[in-house]
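Please look at the structure first.

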Amino acid sequence: MDTQVTNNQHTEKDDKMSKTMKKALLAMNGVMLGVGNCGGPLVQRLYFIKGGKRVWTSSWLQTTGWPFLIIPVILSFLYKKRIGKETKLFSLKPSLFLPCAVLGVLTGFDDYLAAYGVSRLPVSTSALIIATQLAFTAGFAFLLVKQKFTAFTINSIFLLSIGAVVLALHTSSDRPAHESRLKYYEGFFMTLGASALYGFILPSIELTFKKAKQPVTYSLVMEMQIVISFFATAVCTIGMLINHDFKAIPREARNFDLGEATYYVILAVSALLWQFFFLGAIGVIFCASSLLSGIIIATLLPVTESLAVLFFHEKFQAEKGLALTLSLWGFVSYFYGEFRQMKKMKRQRDVGSPA
């Protein structure tokens with residue numbers, strides 16, 4: 001009897017530690033997602049404003065930072081070996097490798113769509129369009145992983161979507177002076193396409209976790225991100241080769257408005273920030289859900305908006321203010337619903353637990 005009680009206590013302690021670790025990982029990945037989501041588009045836009053013209057190069061930078069992830073994977077391996085745990089440096093099985101490769105190819109095309117949009121649109125506009133990703137994520141999450149929705153979640157999705165529609169109806173007012181109307185609308189719809197495609201990719205990653213035929217650890221999540229980024233980079237590399245981007249980079253660096261050295265610094269920083277974004281996104285999915293990942297991306301909109309206005313002196317018209325207000329309202333609605341749901345579950349556990 002004593003042994004059974006002791007085992008139960010150990011199980012409860014392990015569960016508690018697991019929940020604590022998952023919350024810590026969720027916070028860490030949320031921060032990485034935030035840094036990448038806000039910083040990535042700004043540095044990407046800076047590249048185009050100051051003389052960069054290679055869309056495939058900008059796409060390539062979004063995932064070419066994947067070698068950074070090899071370092072934490074090696075550290076995780078060495079730690080497990082030190083504590084005597086049987087492990088492999090790379091534990092990704094073929095049943096997970098293939099879906100990750102497919103997701104990587106899709107991510108490569110999504111990178112191109114997003115980069116094309118940023119090359120044509122102000123950051124404040126492209127960020128608002130990307131907020132529509134939440135609606136696509138919610139729809140695909142419902143179809144692929146049977147995501148359950150509360151009234152507050154539905155309200156949040158509706159508000160964020162309406163905000164994007166308001167922006168779409170008044171797009172031409174912030175068209176850059178040098179940009180033709182056709183190119184501007186191309187950027188608008190390319191960004192919308194990127195939003196829809198990534199809205200499909202996020203739930204697909206969650207579905208891959210659910211269908212995995214091996215234990216999914218955070219170390220495995222990093223391995224999956226390496227594979228996804230590798231194949232996305234391969235797609236963009238092919239695009240760069242066809243478009244002769246590698247030959248053009250030295251010439252573009254020499255003519256860059258901020259200087260040749262700054263040009264290469266911007267490329268490196270862009271690669272690092274986007275890797276934060278992608279690892280943060282997949283990490284949030286691992287710790288919570290694809291829907292929460294989409295919510296975080298959408299609700300960081302005010303930060304991106306403010307930074308774009310501050311650094312690039314972009315216009316901030318009334319329709320952007322309305323879209324921003326609706327986004328903040330959607331953010332509050334979602335997290336208020338989550339708070340109520342957690343309180344409800346806690347009450348149910350308290351009622352069900354023995355006195």
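## Helix H9 against H10

H9 and H10 are roughly perpendicular to each other (the term covers angles of 65 to 115 degrees). The axes of H9 (residues 218-242) and H10 (residues 245-254) cross at roughly 75° and come within 6 Å. H9 brings Thr237, Met240 and Leu241 to the contact, and H10 brings Asp245, Phe246 and Ile249 (contact means heavy atoms within 4.5 Å). Four of these residues are nonpolar, one is polar and one is charged.

## Basis of the model

The model is predicted: local features need pLDDT of at least 70, side-chain atom pairs count only at pLDDT 80 or more, and totals for chains, interfaces and linings use all residues. Residues are numbered from 1 along each chain as its sequence is written, and side-chain values use heavy atoms, without hydrogens and water.

## Nonpolar cores

The largest nonpolar core holds 51 residues (buried Ala, Val, Leu, Ile, Met, Phe, Trp, Tyr and Cys joined through side-chain atoms within 4.5 Å; buried is under 20% relative accessible area, with a 1.4 Å probe and protein chains only). Tyr198, Ile205, Phe209, Tyr218 and Ile282 have the most contacts inside it. H11 gives the most to this core, ten residues.

Another core lies apart from it, with 20 residues, including Tyr47 and Tyr116.

## Whole chain

The protein chain has 14 helices and zero strands (DSSP runs of H or I, at least four residues, and of E, at least two). Of its 355 residues, 50% count as buried. Among contacts between residues at least 6 apart in sequence, 85% join residues at least 24 apart.

Key: Axes are lines fitted to C-alpha atoms, for helices over the stretch in contact, and angles run from 0 to 180 degrees between N-to-C directions. Angles under 35 degrees count as roughly parallel, over 145 as roughly antiparallel, 65 to 115 as roughly perpendicular and the rest as oblique. Ala, Val, Leu, Ile, Met, Phe, Trp, Tyr, Cys and Pro count as nonpolar, Asp, Glu, Lys and Arg as charged, and the others, Gly among them, as polar.
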